[in-house]
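This briefing concerns the nonpolar cores and aromatic contacts of one protein model. Please consult the sequence and structure shown here alongside the text.

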Amino acid sequence: MIRQYDQCFVLETAHSSYILRILPTKQLEHLYYGKKLTITSCRDIVPLIEQHAFAPGNTNIYDEEHPEYSLEDMRLEVGTIGKGDIRVPFVEIIHDDGSSTNDFLYHDAKINTTRTPINTLPYAINNQEELEITLVDEAYDVTLKLYYNVYDKYDMITRRAVLINNNKNAIRLNRLMSTQLDFSTHDFVLTTFNGSWTDEMNRHDYVVESGLHINASFTGSSSSRANPFVMLSNKHTSEDAGEVYGLNLIYSGNHYEAVEVSSYGKMRFVSGINPQNFSFLLAQGEQFESPEAVMCYSDRGFNDMSQHMHKFINDCIVRGSWQHQERPILLNSWEANYFKINEQKLIKQAKAAKKAGIELFVMDDGWFGKRDNDQSSLGDWQYDPKKLPHGLKHLVDKINEIGLDFGIWVEPEMVNVDSNLYRSHPNWTIAIPGHGQSEGRHQRILDLCNPEVVDYLTKVMSELFESANIKYVKWDMNRTFSDIYSPYLPSDKQQEVFHRYIIGLYKLLDNLTKAFPDILFEGCASGGNRFDLGMLCFMPQIWASDNTDALCRARIQKNYSYGYPLSVISNHVSSTPNHQTLRTTPLDTRYNVACFGILGYEINLADLSNEALEEITKQIAAYKVHRKTFQFGTFYRVNQVLHNWCVVNDDQKDAIGMLLQELVLPHHQYHQFIARGLKEDSHYHFFNEAKQYNVKLFGDLINTASPVHIKQDSLAHQVVAKFVKMPGEVEDIHTTGSVLMQGVGLKQAFSANGYNENVRYFQDFASRLYFIEEESEMK
């Protein structure tokens, strides 16, 4: 709900309030964002207003009529340059006369019942109300519009800005943020998620004390280096208690999040397009739209904030026919084949996939042009007749006859110099004419600033998707930007390349997703290089990381979950030793981690042993039973020594939990699983799946029980292992939800003192899934 009380505006969600007012000087003052307050009139707001009698020394007063106001010591909605506010600004403009001073003052406001669309960028849908405030810098005839959208039941508020040049002279926009939050104190922890290829989403917590801290991307994409999702929390906030702000940006390009503490102890947060190497020239009548920023407040800890984010993303960011549809289980061909694919191999692997219960077969890189490595053929999206002698459609039909849907890998934004496309259009790439070029993965970036390139890619991708019964597209993007220059743009617009590229990308994606509404698009950019809300407006799921190692993935997926729902996180079970780390982890652990989200496999099923294939078949069957909960359930992180996850379905009748151990600690036998999200007074059945273990896992300890000595790895050892299995522990508990959420004491783990059916085989990288089902009565 949005209400105006005289000079004040109150934005309310189910559990939060956002309050601002018009200062006597006509700037906008930020008064409050936090736990919901009861506001019925202007009188209720008065205590939130800072009382100023005299401006601090060594500061500049705004004007002689208001000697009490120095903008450096005010909480503002918009920080500018030149009028005394020396903190990180919201907007930065160079005017025709060379001045960079701006003074945006309140002009008018209105409450819209429908949102104002953004012309160049994606935005959240299904909003309820919008506050539109117009500010004007009369000296330079420039207008700044601020848009606030309220999503009541999600506890979400979004902000964005539009700058309009009404002056007859052009202006140069060097910065326009999407949101600004000014706090009266700086008692916060800033949490960012940073990393690199195969090492995405490492959580970093910084106690905010002084100075300026920046989290930003300058790769041309939202990047694995610094995800645009950040958090601000109190020092003692936990998963289940305490105040936290979740902050994100609906944008896939270079982003910027900054926290600055002023000399007076106030803290400013801004978020938007990275101003580094950014500049936009606006002629008279032209406007610039900032991306939409997303803000969520909770006083009930990280889990509650995350769950509001998850529901908002599922309902208001993801859209189209796949918005709430359960995602299929797929087999991807990459790690089984790399570039060495052919029709015979793929059909053999697809038959094994069908037998295991897979629903979708995906042909990854290597199927087109002369693509035997990564040095050629990007841009030439015609199948290789040597690998697919009967054509793409024939292969797809064969896969369909087996009983599987078909998916395909593409990387439309890229081109190799060794390609027909580059030879025909060398001026279609991001490159400085006449200069040497730096490349990544032997490829260059097509210039999506150029509408002709966008139209071409729309045409060639449409022809590909229409050529066969393609149900899924993995859209990859495998390099960062270098030699940033668009041959399409004039020299005075070259600092617009980064942003114009993203606008072109969104136009391309909008064209294709509207033309092919039933295709399931999965975003990928060397894994998590473009895991952001902008891409999720077009692609309902994103490949989380090229690293499929279960231990690494447990951390990566957990940290994504702070800002993104399980329904958009794509995970694969792969072979061991793992192709990225050479680590060997149990097959059940690889599955147990991957099933929290969208399950897939990236393994040569045709080469597996019968035992492994049987286990995978059981995994897939179990996932299908619980798929809706795994993908769309309410997810909880539980802080304890072990990785402890719990996901609960909407009616709280069923839940699945996971416990994962990294390294065994000697003589630490006792562990708990802690549930979350259950009905406290309901009765539940808590159980695990009974397993048996190969005696070879116990090494020569077999001789403590064998009547004859068995040499390790001998033929006798092999024979015994074939017929003798060690029983796994069984958990079978009937109790209330409140007890399960207090913690379940599990069967003791092996600790060198003996093993039987009451001992948990829980070695390095071991894990368990636990199932929780509501019962009608206590047993």
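**Aromatic pairs and nonpolar cores**

Phe-339 counts as buried, at 14% relative accessibility (buried means under 20% relative accessible area, exposed over 50% and partly exposed in between, with a 1.4 Å probe and protein chains only). The model is predicted: local features need pLDDT of at least 70 and side-chain atom pairs pLDDT 80 or more, while totals for chains, interfaces and linings use all residues. Residues are numbered from 1 along each chain as its sequence is written, and side-chain values use heavy atoms, without hydrogens and water.

**Aromatic pairs**
- The structure holds 47 aromatic pairs (ring centres of Phe, Tyr or the six-membered ring of Trp within 6.5 Å; planes under 30 degrees apart are stacked, over 60 edge-to-face, the rest tilted).
- Trp-334 and Phe-339 form an edge-to-face pair, with 5.2 Å centre to centre and 90° between the planes.
- Trp-334 is buried, at 18% relative accessible area.
- Phe-698 and Tyr-761 form a tilted pair, with 5.1 Å between centres and 45° between planes; these residues are 63 residues apart and link distant parts of the chain.

**Nonpolar cores**
- In the largest nonpolar core, of 187 residues, Leu-163, Trp-367 and Tyr-601 touch the most other members (a core is a set of buried Ala, Val, Leu, Ile, Met, Phe, Trp, Tyr and Cys residues joined through side-chain atoms within 4.5 Å).
- Another core, of 20 residues, lies apart from it and includes Leu-642 and Phe-686.

Definitions and conventions: Helices (H or I, at least four residues) and strands (E, at least two) are DSSP runs, numbered from the N terminus.
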